[in-house]
Amino acid sequence: MDNLTEDHPEFNIGIDDGGINTDNQFIGRGEKEMAPIAGNSIHRSSSRPQLDLSGAAIQGNFEERDPTILLPNQSDDISHLALDIGGSLIKLVYFSRHENQTVTDRRRKIINARLGITNVNRRSYPILGGRLHFVKFETNKINECLDFIYSKQLHRGGMDSRHWQSEGSVTENTIIKATGGGAYKFADLFKDRLGISIEKEDEMNCLVAGANFLLKAIRHEAFTHMEGQKEFVQIDSNDLFPYLLVNIGSGVSMIKVDGDGIFQRVSGTNVGGGTYWGLGKLLTKCKSFDELLELSQRGDNRTIDMLVGDIYGGMDYSKIGLSASTIASSFGKAISENKDLEDYSPEDISLSLLRMISYNIGQIAYLNALRFGLKRIFFGGFFIRGHAYTMDTISFAVQFWSKGQAQAMFLRHEGFLGAIGAFMSYEKHGLDDLMVHQFVERFPMGAPYIGGSVHGPPLGDLNEKISWMEKFVQKGTEITAPVPTAPPGTTGLGGFEVPSSKGDALRPDASKLNVGVLHLVPSLEVFPLLSDPKTYEPNTIDLSDHGELEYWFTVLSEHMPDLVDKAVASEGGTDDAKRRGDAFARAFSAHLARLMEEPAAYGKLGLANLLELREECLREFHFHDVYRSIKQRENEASLAVLPDLLMELDSMNEETRLLTLIEGVLAANIFDWGSRACVDLYHKGTIIEIYRMSRNKMQRPWRVDDFDLFKERMFSSAEKRPRPYKRALLFVDNSGADIVLGMLPLARELLRRGTEVVLVANSLPALNDITAMELPDIVAEAAKHCDILRGAAEAGGLLVDAMINVQDSPRDSSFSVPLMVVENGCGSPCIDLRQVSSELAAVAKDADLVILEGMGRSLHTNFNAKFKCDALKLAMVKNQRLAAKLINGNIYDCVCRFEPANN
């Protein structure tokens, strides 16, 4: 039986070599690496290139959101590039800067002065506002890797480097970091082709440094994999250590990691990926590792392996907890059967081999975790390669031997651990102190290949990308090909492959998870008013349910033609705009097709992620504000009737006025171009007619109706008035009636009661949502007809921003309670409060009321969010399925949910 097999320690020294050479050669590393390695702090090379921060200063306006850091003493020979060159694959990690955006925003200066935010409090990062890219190449096609580096000028600091001017800018001092056996083997080739020197970094140092970084930086980096199902695991970076890292290359290394730069190789085995590939080649005549894996998908190991049931007449051995299907002896049936090798199916042999090796690695890993009292085991390395059955087998072994007390975990970026570690070996790389909330992973269309074959050089600009997509990416719902994926042997990042999962030919990396572009945004922070950020989950709708997933994919697909029409119209309907609109439709359809095939491909998937992916895809094809003209028209129409509404409100007593204001917010929230039902309504009347119709239907009780609780907090009783709120954060939603006739009057009421009001709006456009850049002009127009808004807007710096004509303003402008506007840090209809702008985080610290308005911010996300202060969630539900699922109601039902501070 497998539990009776014995290990022989004197032979059990397997070293993971980082990969298996497709030229059928294993890369050795010498006798000295056979002994356990005690880890030291990762080596920081003092040689060039490095980022010289002496004399660093913010260039331009230091109040802008993502300022450029000027490094006056930085040498020209900088490289933001690192490589892990293994026997089969080259993994490349490189950094690119954002273009400088100079913003002069006097509103921000006034707000920051009021809040006491100064430049001294800002942390200066050498790579502030940049992106980390991950790319793969086959090692036997290393010239493609060199061409890629040259085409993007990565050896000169990238095409966006201001220092790169000519061929002569590469000097003899230019150095890039690399790890893996190929760093030695191909050093001369890099020198001859690119004129650069390779500085070799220790593989194990890089491996651990890369794992530590990913587990801290990527929220959904780790996942479990059982019976084909992935489940992402949220890991607190403060509770990461210690853990066991199991790296499975040709052999296996097991590394106990106790902290950053503190690790020790505690065990290993010489039975690893090399064993599987070597024996598999001898027994099946397969010519590649992937071919061997693919055979295993169609195998039946019961024809070769001896099971417990074979020994006990089909019965379980229940006394010691072994089921009849447990493997008692791998390849055991071959002993008693009178068969030759050719009598056994290569598929069955491959699967039996895979199970034998995977089970033993899982068992040894768990025993080492038990030996050191480690509760987390992470598996990575060439052997896994995102192969579903391999992960399932390892997971089963760990679960079996631990009796369910331990789980095997895997990493989305596991193939890039060494390359990331090499990148971090630069003395000043700028990544050490960044937190998980300061990284945003996005998935653009990428390298031009299909079916594993590269078609031409890397895409240089948008026009090249569109031309490639027109050639290779089919449009419509029946997409048979290009979906973003990153299989081994291609240029990885964001490229496309024809799924070969039809019939019995399942590709071995069928469950491969995509690797996106990692945006580094150090100005993002966790919203400080979340009751418990560790347990906070923004998404209300879980798309792990396939029926739910299919429904929302259908909604997004049906909405796409109208969205494309508006996108093209927003750019003047030109031929160029039509090409970009068509490319967007192809790209987003490809994303949806990929996610239907593998919902976990981009990490944990919620409805908010889908909506944000759509907006990112629009921006990728240079559609930056699709609803711009519609928003302007609706704003003007709403502002025209605002004075009459304010007069009507002022004629009411305060309790009636408060109810009317909440009704107004709910009624105005009907203007949502993201809802098909609402779009159909817009063809039946003017904006004002629809608003009045909606107001007239605001009959209480609403489906969720906590208005009386909110009123009690606001007024209590005539004899004993409660303290007014000190500062209220109003997360606003749509343009037009929603902001002008709904949220602005509510903000005015809070101001009237002495509450500071902060309007929180999108940093970037999304559908018809209002943005922080657009709000000052709307407030300025409204302020022409209202002393309260005028005085508060002046105090909050909004009128300075909007450049309002003083002659148009009311006489009395002595109001001192400020009305402010801040960006929320995102460009989506929804909001993830784990990643908000530093400006919003600063104003939130003294807030005691949060108002979340609209479906995206209070229903699709944050419906179940708990806060340290009072929270009011207001929305009209404009989707029947959401209404039924969330509040057991119907379309156009309303939610007024008041939740006192969660203490």
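**Close-up views of a predicted model**

**View A. Proline 701 sits in the loop between helix 20 (687–696) and strand 24 (704–705).** This is a predicted model, in which local features need pLDDT of at least 70 and side-chain atom pairs count only at pLDDT 80 or more, while totals for chains, interfaces and linings use all residues. Residues are numbered from 1 along each chain as its sequence is written, and side-chain values use heavy atoms, leaving out hydrogens and water. Helices (H or I, at least four residues) and strands (E, at least two) are DSSP runs numbered from the N terminus. Look for the bond between arginine 700 and proline 701: this peptide bond is cis, with omega at about 0°.

**View B. A cis peptide bond links phenylalanine 241 to proline 242.** Here omega is about -5°. Proline 242 belongs to the loop that runs between strand 9 (229–233) and strand 10 (243–248). As background, most peptide bonds are trans, and most residues other than glycine have a negative phi.

**View C. Lysine 285 has a positive phi of about 65°, although it is not a glycine.** You will find lysine 285 in the loop between helix 6 (273–284) and helix 7 (289–296). Its relative accessibility is 62%, so lysine 285 counts as exposed (exposed means over 50% relative accessible area, buried under 20%, and partly exposed in between, with a 1.4 Å probe and protein chains only).

**View D. Arginine 385 is another non-glycine residue with a positive phi, of about 50°.** The loop that holds arginine 385 lies between strand 15 (377–380) and helix 11 (388–402). With a relative accessible area of 9%, arginine 385 is buried.

**View E. Helix 14 (residues 546–570) packs against helix 16 (residues 607–620).** The angle is about 25° and the axes are 12 Å apart; axes are lines fitted to C-alpha atoms over the stretch in contact, and angles run from 0 to 180 degrees between N-to-C directions. Helix 14 is therefore roughly parallel to helix 16 (an angle under 35 degrees). Contacts, meaning heavy atoms within 4.5 Å, involve Trp552, Phe553, Leu556, His559, Leu563 and Ala567 of helix 14, and Leu607, Leu610, Leu611, Arg614 and Leu618 of helix 16. These residues divide into 9 nonpolar, 1 polar and 1 charged (Ala, Val, Leu, Ile, Met, Phe, Trp, Tyr, Cys and Pro count as nonpolar, Asp, Glu, Lys and Arg as charged, and the others, Gly among them, as polar).

**Setting for the views. The protein chain has 28 helices and 31 strands.** Of its 903 residues, 59% are buried.

Key: Parallel < 35°, antiparallel > 145°, perpendicular 65-115°, else oblique.
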